[in-house]
Amino acid sequence: DGTSLDLTGNIKSLESSLNPIDFNDELIFFTKDFVGRDWLLEHINGMLKRDHQVILVTGGPGIGKTSFSTFLYQRMPDVIGYYMFRRDDNDKLIFKTFVSTIAFQISTQIPEYRDFLLKLNLKQLKEQYDGPTLFKKIISEPLSKVSNITGNKILIIDGLDEAERDNRNVIAGTIAMLVSSLPKWFRIIAFTRPVDSVTVPFR
């Protein structure tokens, strides 16, 4: 029907403007053999019931953080976005790419937010602003105007430590700084090695 065609057209328009990364292959690959960890799922659900806007899941390399992050993405009904940083993939380490990808994913889940984005000249904004400012312009500010959200909506970030460059993690620092500008229903679960460039900004 016409409504479905309009929706498909709007999403295609945003996809063209935002040029998001598609993580479907990674999500399928890392969840295919995953078993267990129900205790960790229960623990995270318990923390989400309190006022923790950001939950950091820390652990050393090789203990299964990525597998668990993709498991959460599949199992938690309120997840509206997923991003995977990889230090061996420069495209995934670009701040604007992170912002654009998350914005597109959220737009497919929250119609009111999608309507806000459709009114913006996204290509121009991407050219005009740096990553942190773009985050405010197309994520923080529009989300703060969204109403009628019930429950929590969750963004999962895997490998946040891998966004580190020259002992600095601009993306982690910016998220920690801007999280207070996000609505209270917007929660972030981030998986990371316990490195200072991530853990210190979130203290």
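Reply:
**One residue and its surroundings**

Ser100 is found in helix α5. Helices are DSSP runs of H or I with at least four residues, strands are runs of E with at least two, and both are numbered from the N terminus. The model is predicted, so local features need pLDDT of at least 70 and side-chain atom pairs count only at pLDDT 80 or more, while totals for chains, interfaces and linings use all residues. Residues are numbered from 1 along each chain as its sequence is written, and side-chain values use heavy atoms, with hydrogens and water left out.

With a relative accessible area of 1%, Ser100 is buried. Buried means under 20% relative accessible area, exposed over 50%, and partly exposed in between, with a 1.4 Å probe and protein chains only. Once its neighbours within four places in sequence are set aside, Ser100 is in contact (heavy atoms within 4.5 Å) with Leu18, Pro20, Lys126 and Leu134. Leu122 is 22 residues from Ser100 in sequence, and the two are 9.1 Å apart in space, C-alpha to C-alpha.

Helix α5 also takes part in the packing of helix α9 (residues 170-178). The buried residues of α9 are Ile171, Ala172, Thr174, Ile175, Ala176 and Leu178. These buried residues pack against α5, α8 (131-144), β3, β4 and α10 (196-199).

**The strands beside the helices**

Strand β3 has 6 of its 6 residues buried, so the rest of the structure largely encloses it. Both of its faces are covered: on one side Lys153, Leu155 and Ile157 are buried, and on the other Ile154, Ile156 and Asp158 are buried as well. Strands count as paired if DSSP finds at least two bridges between them. β3 pairs with β2 in the parallel sense over 5 bridges, and 5 bridges also join β3 to β4, with those two strands running parallel. Ile156 shows the arrangement residue by residue: Tyr82 stands opposite Ile156 in β3, and the bridge partner of Ile156 in β4 is Ile189.

On a 1 Å grid over the protein atoms alone, a cavity is a set of points where a 1.4 Å probe fits but cannot get out; a pocket is an open set with protein on both sides within 12 Å along at least five of seven lines; lining residues have an atom within 4 Å of a point. Grid points are joined across faces, edges and corners, and a volume is the space filled by probe spheres set on the points.

By this rule there is 1 cavity of 30 Å³ or more. The largest cavity holds about 30 Å³ of space, and its lining is made of Phe98, Phe135, Leu155, Ile157, Ile175, Leu182, Phe186 and Ile188. The elements giving two or more residues to that lining are β3 (153-158) and β4. Ile175 is among the buried residues of α9, and Leu155 and Ile157 belong to one covered face of β3.

The largest pocket has a volume of about 310 Å³. Of the 17 residues that line it, Asp22, Asn24, Tyr73, Phe104 and Gln105 lie nearest its centre. Two or more lining residues come from each of α2 (24-31), β2 (79-84) and α5 (95-107), and β2 gives the most, with 4 residues. The second largest pocket contains about 160 Å³ of space. It has 13 lining residues, of which Pro61, Gly62, Lys65, Thr66 and Glu162 lie nearest its centre.

**Aromatic rings**

The whole structure contains 10 aromatic pairs. Rings of Phe, Tyr and Trp (its six-membered ring) pair if their centres lie within 6.5 Å; planes under 30 degrees apart are stacked, over 60 edge-to-face, and the rest tilted.

Phe68 and Phe191 make an edge-to-face pair, 5.9 Å centre to centre with 65° between the planes. Phe68 is in helix α4 (residues 65-75) and Phe191 in strand β4 (residues 186-192), so this pair ties together parts that are 123 residues apart in sequence. Phe68 is buried at 1% relative accessibility, and Phe191 is buried at 0%.

Tyr83 and Phe85 form a tilted pair, 4.8 Å centre to centre with 55° between the planes. Tyr83 is buried, with a relative accessible area of 0%, and Phe85 is buried with 0% too. Ring pairs link Tyr83 and Phe85 with Phe23, Tyr73, Tyr82, Phe95 and Phe98 into a cluster.
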